[in-house]
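Subject: Structure for your reading

Dear colleague,

Please find below the structure that I would like to hand over to you. My notes on what was found in it follow, and I would be grateful if you read them with the structure open.

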Amino acid sequence: MTALPLRTQAPSRAALAVLLTGTFMASLDTAIVNVAGPAIQSDVGVSGAALQLVISGYALAYAALLITGARLGDDHGHRRLFLSGLAGFTVMSLLAGLAWTTPVLIVARIGQGVAAAAMGPQVMTVIQLQYDGAARMKAMALLATVVSAGVVVGQVLGGALVDLDVLGASWRPVFLINVPVGLALLAIGPRLLPVTRRPSGRRMDWLGVALLTDTITLVMVPLVFGHQVDWAWWTWASLAAAIPTAMVLALHMRRLRAQGGTPVADVRLLAAPRFGLGMASTTAIMIAYGGFLFTLTLHLQQGLGDSPLRAGLTFAPYAVGFAITSLTVPTLAPAIGRRLAPLGLALSALGYLGLGAVTGGGTWSDAEALPLLALAGAGFGAGYSQVITRSIAGVAPEQAHDASGLFNTINMLGFALGVATLGSVFLSAVGAPTAAETGSAFELVAVGCGALSLAGVGFVLALARAEAAVASATLVNGAAQPTEAPGTIAA
């Protein structure tokens, strides 16, 4: 029998501010490093493939351990896990800022992801436990705003910090800026954060965690380094080894579930049409997003010779467009939001394809490119926010926690996969870092981003048909929306 959540302190605005600031730091580090990538590459001597790992390693570690972090918080206390993750994030940020070699920087970035996986899930859980009704909706809206703001601010702040070259530190302040903020939160957090816990009595599936991490590593490492080593034999061997590893993971999860245990992830949720289609759409558009951020930064700075600050500001229309629509569309009438989802993703595809067309020759015009960036970002935000809402809508309340963890894992994996795959396409196509070479390579990536966004449209349209089938069945049966057996989603 599941124990009731433990609450020993009333929530406060100051406590919410601490939680949201930690979330902002984690969101910021997804984007801030992107614009600093070329400076890191030239200063530390990082190869193109290693730079991909510096950027995507954070997301990979975050994705692999996010569900584990959420469950540890439930069992051992959300405040404890949040503060432990925050401490680790601060230490890893310091190590990244002081990194003297490529391996140290990669290890620090992966360490940041591990720490963020311990810290991040606790924020939403505490909000769910400590706030009710309108207060909870307001807190969740603030959380969404903070995540979006982290993306916007990260691009611009990263460029500004590199351009300022504080004390000759070049790119290092993009990591070191987390240290004083982290220390301040660690000083006040223990006094302000409420003590919450909802022990499940479930044993942690550490074997499942290890197998999941192995599978991700066996796939991602060759995708990142394959083009650099001319697809040596070990890259194919690694990809081949991922198949039996994934099969062992699936067998382990099935067996553990049959024995009454709780596997690392409840992948049965993906079999439900609405959730599965929503996650397919999310994967497609997040691959496009990760590849787009990584490659456009390289084109702007290495090909066109833009400063880091100008490159960061160039992303602003995209990020602001995303922030506005992702926050606005959920407030509209549901019928309007449903229509805007496929339209938004189609417009995002048009923005990507148009951007590739106007930059493919190695030239850049703000008058042409900036509106297309705003269009791509706004379309992405309009579709993304709806996909999230509608995917989770059919989830039974007792499964919401697992569904949220699975969504966030897929979200981060999609981003990392975009950096790995589309990033490798770009780096393979660039012979010399000239405007013509990088422009042509980015055009290839932009076509890929457009195609992925259109695939997202297809999945959203299929999602709409699944929703219509549910509504029709409900009307025919003259009953409330049916709920499937435990471990599934209402179909």
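The buried residues of helix H9 pack against helix H8, which covers residues 206–225. Please keep in mind that the model is a predicted one. The buried residues of H9 are Thr235, Ser238, Ala242, Thr245, Leu249, His252, Met253 and Leu256. The helix itself has 26 residues, and from its first C-alpha to its last it reaches 38 Å, close to the 38 Å expected at 1.5 Å a residue.

What comes after H9? The helix is followed by glycine 260, whose phi is positive, near 90 degrees. Threonine 262 is placed in the loop between helix H9 (233–258) and helix H10 (273–303). Is threonine 262 buried or exposed? Its relative accessibility is 14%, and buried means under 20%, so threonine 262 counts as buried. Leaving out residues up to four places away in sequence, threonine 262 touches Arg71, Arg202, Arg203, Asp205 and Leu256. Leu256 is also one of the buried residues of H9.

I turn next to the nonpolar core. In soluble globular proteins, nonpolar side chains tend to be buried together. The largest nonpolar core here holds 121 residues, of which Phe82, Phe292, Leu296 and Leu355 touch the most other members. Which residues does phenylalanine 292 contact, if its neighbours within four places in sequence are left aside? They are Phe315, Tyr318, Tyr352, Leu355, Leu373, Phe442 and Cys449.

Leucine 94 belongs to helix H3, which runs over residues 78–98. With a relative accessible area of 37%, leucine 94 lies between the limits of 20% and 50% and is therefore partly exposed. Residues up to four places away in sequence not being counted, leucine 94 touches Leu176 and Val179. The C-alpha atoms of leucine 94 and isoleucine 177 are separated by 8.8 Å, although these residues are 83 residues apart along the chain.

The other residue is valine 166, found in the loop between helix H5 (133–164) and helix H6 (173–176). Valine 166 has 39% relative accessibility and thus counts as partly exposed. Together with Leu164 and Leu167, Val166 makes a nonpolar surface patch of about 360 Å².

With kind regards,
A colleague

Technical notes: Residues are numbered from 1 along each chain as its sequence is written. This is a predicted model: local features need pLDDT of at least 70, side-chain atom pairs count only at pLDDT 80 or more; totals for chains, interfaces and linings use all residues. Side-chain values use heavy atoms; hydrogens and water are left out. A nonpolar core is a set of buried Ala, Val, Leu, Ile, Met, Phe, Trp, Tyr and Cys residues joined through side-chain atoms within 4.5 Å. Buried means under 20% relative accessible area, exposed over 50%, partly exposed in between (1.4 Å probe, protein chains only). Contact means heavy atoms within 4.5 Å. Helices (H or I, at least four residues) and strands (E, at least two) are DSSP runs, numbered from the N terminus. The expected span of a helix is 1.5 Å times one less than its number of residues. Patches are made of residues with over 30% relative accessible area and no salt bridge: like charges are joined within 9 Å, nonpolar side chains (Val, Leu, Ile, Met, Phe, Trp, Tyr) within 5 Å. Accessible areas come from the Shrake-Rupley method with a 1.4 Å probe; for residues, only the protein chains shown count as cover. A salt bridge is a side-chain nitrogen of Lys or Arg within 4 Å of a carboxyl oxygen of Asp or Glu.
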